[in-house]
Each structure stands twice: as structure tokens, then as C-alpha cells.
Amino acid sequence: MNWARAKSLLLAAFLVLDLALAWLYLNLEQKVPGQAAAGQAEPELVERLAQKNVTLAAALPRETPALALLRVGIDKENPYPQALSLFGSLDGVEVVRGADPLLELAFSRGPEELLFYTSGVTVYTHRGRGATTGEQTAAGAVDKARAFLERHGGLDGLTLSRVVPYRREGTYLVEFGQSYGRFPLVGASGAVLVVAPEGVENCWRRRLTVFGESGRPRTVVSAADALLALALERPRPEAAPLTVHEVVLGYYNKIYNADEWEAAPVWRIWTGGDTYFYVNAFTGELEG
């Protein structure tokens, strides 16, 4: 017998066995019994939500990063160039400063109207469009929305968030959002357009400027804790079932009576349609 060759084969076998055992050990460490895979909720969480008549139909984010507050402000536009862009000319356009202190200026001519609010919100409406149903795909609606924004203010800093059927056949709601890094600015920012087959019927827009972070970063609460906070705050869960379709971590920006503010990280919970809930990612409390 060739003992040298046999010894080499035996050592090689032991090496393969060691590698196999190491691979098995690492995989067992990564998959602890009872631990859900990424995107799947723990059975205990699903059960606790069900007790409050909440159904989870979304992948659940696992990350709990350390985030700081975000300094954000209104990016106000000059009303007249924007009105000129939308109306083509200002001939015959009526300009009104309303009695409402929140409304800065109102432009109107025929079926078109453009409103400028002190909160930085602009609302363009073309009445009559979408009065009848027509053929249009979601992709076609997105193309019309992009072209409209490109012609009237640009798409800089905006990314497509969602496109869903809206009210009548062939009409879609197209939403674009702003972000800071990989976290969206949620609540009241970006652009939302109602696009009929004939063109854009309504465009709500609010541009925000991010000045930077403020304060020390803090670890956020988990998405699971945010869902439980929402469930516990429900006054009559038996009367109104909720289905959670999306859970996203972002920075909360509602309509403030200020030109600049500090936006806190929140978990945005979407339960379908236009219904969103916001849970403060520092305190775990439901935002008003």
C-alpha cells in the first residue's frame, strides 16, 4: 500500500468534512428556529395585529438605522412665470388675491385655474377634462404626467412613486415623490397628478428644499413596533378592518405654518387608496 498517498487522501477528506461542517454551522446560525425570513412577519406579530382587525399584506422592512432630524424648508416659486408657463400667455388671465390668508394668488382663465398657497403648495386645475371615459394605459398616463412636469417646472428631484386607476375608466392618479438619500420625504411633498385621456386634469405640487441633518442620529423603532402602535391606537377596530399594503421609512413633512422646520423620521403605513398613517420612528407614537 502507498501509505503516503493514503495519508494525503485522508487529510483531504478531513478538510472537505471540516468545510462542510463550517458551512452547515454558519447557515444554522443565520436561520435561528422561529425567526422569520427577510420580508416575512413574525407569527406573533400577525396574531397581535389580527386581534385589532389589521391584516398585514406587505413585506416588512427589517432595518432600524440611526437617523437624525432633517432640516427642510419650502422652495417657493415666483407665481407669474409659472402662470405664464401653464396658460401660454397672461392675456385674459384674471389674477386675484383672495381673502383667505393661506391663499397667496389665484390665476384663472376659462376652464383653467392656478392657485398659489403660502405653504408652498400650487394647484393647477383644467376643468372639463376627464368628464367622459376613454382609453388610456397606466404607462400612457405616466408619460403625459412626465411631459407636463417637464414643461412646467421640471422633474428635478422627483421619482415616480405610484400610478393607480382614479375615478373613471382611463383616468389615473400619478404620484411623484422627493427623497433625501434613500429615504422619501413623506406627508406633503412632490407632485400628484390626475391624468385623463385628454391630458392633465389636476396637478398638486409642493417643492421642498433639504438643508441638511440636525442633531445626533438615533436608532429608529422597528416597523413591527410601528404597526403595533397603529393597532393599539384604533378606537373601534371591530368596525373598520385595515389591510396594510406598504410600510416605508421616511421623513415626515406635513403642511406647517412655517417656511422651515425639522422633519422627524416616520414609518409611513399605507392601507389602500389615499389612506396613510404615520408613526414617529423615534417615539413610536402615531402622528396626528
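These legends go with a few close-up views of a predicted model.

**View 1. Thr271 and the residues around it.** Let's start in a loop: Thr271 sits between strands β16 (265–270) and β17 (276–280). Is Thr271 buried or exposed? With a relative accessible area of 13%, Thr271 is buried, because buried means under 20%. Who does Thr271 touch, if we skip its neighbours within four places in sequence? Its contacts are Leu242, Thr243, Val244, His245 and Phe277.

**View 2. Tyr124 meets Phe148.** By the ring-pairing rule, the count comes to nine aromatic pairs. A pair of aromatic rings is described by the distance of the centres and the angle of the planes. For Tyr124 and Phe148, the ring centres are 5.7 Å apart and the planes stand at 35°, so this pair is called tilted.

**View 3. A cluster of rings.** Here, ring pairs join Tyr252, Trp270, Tyr276 and Tyr278 into a cluster. Take Tyr276 and Tyr278: their ring centres are 6.5 Å apart and their planes meet at 25°, so the pair is stacked. Tyr278 has a relative accessibility of 13%, so Tyr278 counts as buried.

**View 4. An arginine over a ring.** Look for Arg218 and Phe282 in this one. The charged end of Arg218 sits over the Phe282 ring, 4.2 Å from the ring's centre.

View 5. You'll find Val95 in strand β3 (residues 94–96). Val95 has 40% relative accessibility, so Val95 counts as partly exposed.

View 6. Gly153 is in the loop between α4 and β7 (159–166). Its relative accessibility is 40%, so Gly153 counts as partly exposed. Now follow the chain to Gln82: Gly153 and Gln82 are 71 residues apart in sequence, yet 7.5 Å apart in space, going from C-alpha to C-alpha. What does Gly153 touch, leaving out residues up to four places away in sequence? The answer is a couple of arginines, Arg205 and Arg207.

Terms used. Residues numbered from 1 in each chain as written. Predicted model: local features only at pLDDT ≥ 70, side-chain atom pairs only at ≥ 80, totals over all residues. Heavy atoms only, no water. Helix = DSSP H or I, 4+ residues; strand = E, 2+ residues; numbered from the N terminus. Buried < 20%, exposed > 50% of the residue type's maximum accessible area, 1.4 Å probe, protein only. Contact = heavy atoms within 4.5 Å. Phe/Tyr/Trp six-rings, centres within 6.5 Å; stacked < 30°, edge-to-face > 60°. Lys NZ or Arg CZ within 6 Å of the ring centre and 35° of its normal.
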